[in-house]
Each structure stands twice: as C-alpha cells, then as structure tokens.
Amino acid sequence: MNVALFIPCYVDQFYPQVGIATMRLLEKVGVQATFPMQQTCCGQPMANAGCEADSIPVYHNYVRTFADYDYIVAPSGSCVYHVRKHFNIIDQTPAVKHVRERTYELFQFLTDVLGVTSIEAEFPYRVGLHQSCHGQRGLRLAPDSEMTPNREGKVSHFLKQVRGLELVELDRYDECCGFGGAFCVSEAAVSARMGQDRVQDHAKNGAQVITGGDVSCLMHLEGIVRRKKLPIRVMHVAEILTGSVS
C-alpha cells in the first residue's frame, strides 16, 4: 500500500506536532507513509474567500503531487472535504478522480480502509470532543444530533478505548465552533461568540482537554482558551493516541 501524508498549510506552519503525531499514528498501525515535499495547500482558504478561480493552480499541484499514491491521508476533515467536493471545478481526468476518491481523513482511513478497531494508548484526563462541521456533516464521521440521539462516531470510538481517558458529555456536542475559515474574519464578532459558547460547554462539563480532528477548529478554540486563561489544553486526537504530549 503506497500511502502519502498530506499536511495542511496551517498544520505545517502553526502545529507541526500534529503532523508528526499523524505520521507516528500511521506507523503505530503498520503504515509507512511518504511525505511528498512538493505539496502545498489544498486551495481551501482562497476558495472560501471567494477566489476559487485563483485556487485552480493549487488544485492542479495537489493532483500532480498525489496522483501516483494509492491513498492520501490528512489530519483534517475540512481539507479532505474540500478536495473531495470542490475539485469538481477542474477537468475530471483520471488523475483528478483518483485523488478525489483516495484522499481520506485520518480516522476515516483507519476505520474504513485499514479496518482498525482499537489503538493502544493511555491518557488519564477528562476530555471533551469537538466535532468539526466538515468532518461530521461532510464526511459523515459522526451522526447528526438532528437525525439521531446516537453520539458514537469514528473519533469517539477510539477515544473511549484509551486507558484512563474520560470522555465528557457536552450539552451541545455537535455545534459549530464558529471558525469557518474566512467567516472568522468577515463575521468576527459572531465567530468569537460561537467559539466562546463551545469552550464554555467544555469547561462547564469539566473537560481538562479539548480535542478534535480538525486543527482549524482547535486553533479557534485554543485562542479563546488562552484569552480567558482557562486551565484547559487543546490537542489533536492523533496527539492523544500517540502520547505525543504529556
């Protein structure tokens, strides 16, 4: 199996430890992934800002970079969703179709492709899980509260098996954090208030750590945690499952 690791631009620039944890997690389940050095962004920031035409060269670079791999794995549901759903504006060559079909979010890859059901890990903390909108409603990584009371998703399944970890019950477990890419700039006040509500839900229910599968959402929540000087850490799920942060 020829697997490539795609690390989103904001992970590369601001949270490189998440990229390292993702590689370690893949190695932990027996996958030796390659990191193509010519990779850049998936083009989502420009597209979300209304400049999708300007993102087309970036789309083509992504296709050229990853066309020869069996699977492309990223620790970001948002970027994966963008590749799958928004690369439809370029010519649908066999290479384009291939990368759209074979780009997977990390936990989607672990469960749907590898069939992994458990990962040995220990993390003795109370953890709140933030479900990102793209991951949950776009990639169907977890069910929607408006459709079913069932809260079990791909990420929560792994967290519940971690020794010592207590997954806290949130009041509104699948509510948007308010980041939304360019939305947090164009509608800063609304975005900030949404983020404050999400952090408050975690704090109210006793979370010592906020985790999730999308660093963009976690970055937004971490900014609020820092400004409010709350005793809460923010970590990507891959960091918890690899013991990358003590």
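This is a predicted model: local features need pLDDT of at least 70, side-chain atom pairs count only at pLDDT 80 or more; totals for chains, interfaces and linings use all residues.
Beyond its neighbours within four places in sequence, L241 is in contact with L25, K28, F107, I119, E120, A121, F158 and V162.

In soluble globular proteins, nonpolar side chains tend to be buried together.

## Packing of helices α2 and α7

Two packed helices are described by the angle between their axes and the distance between the axes. For helix α2 (residues 16–28) and helix α7 (residues 106–113), the axes come within 11 Å and cross at roughly 10°. Because angles under 35 degrees count as roughly parallel, α2 is roughly parallel to α7.

On the α2 side, the contact involves T22, L25 and L26, which meet L106, F107, F109 and L110 of α7. Of the residues in this contact, six are nonpolar, one is polar and none is charged.

## Strands β1, β2 and β3

Strand β2 (residues 71–74) is joined by three bridges to strand β1 (residues 3–5), and the two run parallel. Here V3 stands opposite Y71 of β2. Three bridges also join β2 to strand β3 (residues 103–105), again in a parallel arrangement. In that pairing, V73 has Y104 of β3 as its bridge partner.

Within β2, Y71 and V73 point one way, whereas I72 and A74 point the other way; all four are buried.

Note on methods:
Residues are numbered from 1 along each chain as its sequence is written. Side-chain values use heavy atoms; hydrogens and water are left out. Buried means under 20% relative accessible area, exposed over 50%, partly exposed in between (1.4 Å probe, protein chains only). Two strands pair if DSSP finds at least two bridges between them. Axes are lines fitted to C-alpha atoms, for helices over the stretch in contact, and angles run from 0 to 180 degrees between N-to-C directions. Angles under 35 degrees count as roughly parallel, over 145 as roughly antiparallel, 65 to 115 as roughly perpendicular and the rest as oblique. Contact means heavy atoms within 4.5 Å. Ala, Val, Leu, Ile, Met, Phe, Trp, Tyr, Cys and Pro count as nonpolar, Asp, Glu, Lys and Arg as charged, and the others, Gly among them, as polar.
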